[in-house]
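Try each task before you read its solution.

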Amino acid sequence: MKLIFSIYIYALGLYACFSLPALLNPGLYIISLFFALVTSLASLLVFAVLFAVLAVSRLRLPVVYSLLFIAVPVAVLGPLALFFRGSIEFLFDFHDYISFFPLAAIMAGWASLAINHRKIRDYFVTPAGQGIEALFNNR
């Protein structure tokens, strides 16, 4: 659980850095950070479930990395689409700032996975680290 929380904290910090161009409109930046905090809790839950499924499976490390990188857009866009009542037309509204923020969140998630790649590798390579109960150990 500590590893998942570490990935989450890095992703939030990187999102705050990646969305700095929105400071041209400071109100929009503050609202986007608040919105990121609210929706990221649901994204954390989705990512934790996907991570737990991968922890139970016996997949090779490159497959695990690939599935984790695929899990980031699912974890970001899934709760965001539910927040907007199941429609994802907001992603294609390019005349507004709103299409920039999900892209920044996905890039932050991918960068966070890249930063924590050694911890992820150590978790999935260690034979004792396999299994759902290892998620709750002190790692």
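**Exercise 1.** How are α1 and α2 oriented to each other: roughly parallel or roughly antiparallel?

*Solution.* Keep in mind that we're working on a predicted model.

Step 1: get the geometry. The axes of α1 and α2 lie 10 Å apart, and the packing angle is about 155°.

Step 2: classify it. Angles over 145 degrees count as roughly antiparallel, so α1 and α2 are roughly antiparallel to each other.

Step 3: check the handedness. The crossing of α1 past α2 is right-handed.

Step 4: list who touches whom. On the α1 side you'll find Leu-3, Ile-4, Ile-7, Tyr-8, Leu-12, Tyr-15 and Ala-16. The α2 side brings in residues including Tyr-29, Leu-33, Leu-37, Leu-44, Phe-47 and Phe-51.

Step 5: sort by class. The contact of α1 with α2 has 16 nonpolar residues and two polar ones, with no charged residues.

**Exercise 2.** Work out how α2 packs against α3, and say which class the angle falls into.

*Solution.* Step 1: find the helices. α2 covers residues 26–56 and α3 covers residues 61–83.

Step 1: read off the numbers. Their axes are 8 Å apart and meet at an angle of about 140°.

Step 2: classify. Roughly antiparallel needs an angle over 145 degrees, and roughly perpendicular runs from 65 to 115.

Step 3: handedness. α2 makes a right-handed crossing with α3.

Step 4: the contact residues. From α2 they include Phe-35, Val-46, Phe-47, Leu-50, Phe-51 and Leu-54. From α3 they include Val-64, Leu-67, Leu-68, Val-72, Pro-79 and Phe-83. By class, the contact of α2 with α3 comes to 18 nonpolar, two polar and no charged residues.

**Exercise 3.** How many aromatic pairs are there, and how are the rings of Phe-5 and Tyr-8 arranged: stacked or tilted?

*Solution.* Step 1: count. Rings pair if their centres lie within 6.5 Å, and the count comes to five aromatic pairs.

Step 1: take Phe-5 with Tyr-8. Their ring centres are 6.0 Å apart and the planes sit at 35°, so the pair is tilted.

Step 2: Phe-5 and Tyr-8 are three residues apart in helix α1 (residues 2–18), about one helical turn.

Step 3: check the surroundings. Phe-5 is partly exposed, at 48% relative accessibility, whereas Tyr-8 is buried at 12%.

Step 4: go on to Phe-47 and Phe-51. Here the ring centres are 6.2 Å apart with the planes at 40°, so this pair is tilted. Phe-47 and Phe-51 lie four residues apart in helix α2, about one turn of the helix. Phe-47 is buried, at 9% relative accessibility, and Phe-51 is buried at 1%.

Step 5: widen the view. Phe-47 and Phe-51 form one aromatic cluster with Tyr-123 and Phe-124.

**Exercise 4.** Look up Ser-6, Leu-67 and Pro-73. Which residues does each touch, leaving out those up to four places away in sequence?

*Solution.* Step 1: Ser-6. This residue sits in helix α1 and is buried, at 15% relative accessibility. Ser-6 touches Asn-116 and Lys-119.

Step 1: Leu-67. Helix α3 holds Leu-67, which is partly exposed, with a relative accessible area of 36%. Leu-67 is in contact with Leu-54 and Leu-59.

Step 2: Pro-73. Helix α3 is where you'll find Pro-73. Pro-73 touches Gly-78, Ile-106 and Trp-110. Pro-73 and Ile-106 are 33 residues apart in sequence, but C-alpha to C-alpha they are 5.7 Å apart.

**Exercise 5.** Zoom out: what does the secondary structure of the protein chain come to, and what share of residues counts as buried?

*Solution.* Step 1: tally the elements. The protein chain has five helices and zero strands, in the order α-α-α-α-α from the N terminus on.

Step 1: burial. Of the 139 residues in the protein chain, 37% count as buried.

Step 2: contact range. Among contacts in the protein chain with a separation of 6 or more, 71% link residues 24 or more positions apart.

Notes. Residues are numbered from 1 along each chain as its sequence is written. This is a predicted model: local features need pLDDT of at least 70, side-chain atom pairs count only at pLDDT 80 or more; totals for chains, interfaces and linings use all residues. Side-chain values use heavy atoms; hydrogens and water are left out. Axes are lines fitted to C-alpha atoms, for helices over the stretch in contact, and angles run from 0 to 180 degrees between N-to-C directions. Helices (H or I, at least four residues) and strands (E, at least two) are DSSP runs, numbered from the N terminus. A crossing is left-handed if the near helix is turned anticlockwise from the far one by less than a right angle, and right-handed if clockwise. Contact means heavy atoms within 4.5 Å. Ala, Val, Leu, Ile, Met, Phe, Trp, Tyr, Cys and Pro count as nonpolar, Asp, Glu, Lys and Arg as charged, and the others, Gly among them, as polar. Rings of Phe, Tyr and Trp (its six-membered ring) pair if their centres lie within 6.5 Å; planes under 30 degrees apart count as stacked, over 60 as edge-to-face and the rest as tilted. Buried means under 20% relative accessible area, exposed over 50%, partly exposed in between (1.4 Å probe, protein chains only). Angles under 35 degrees count as roughly parallel, over 145 as roughly antiparallel, 65 to 115 as roughly perpendicular and the rest as oblique.
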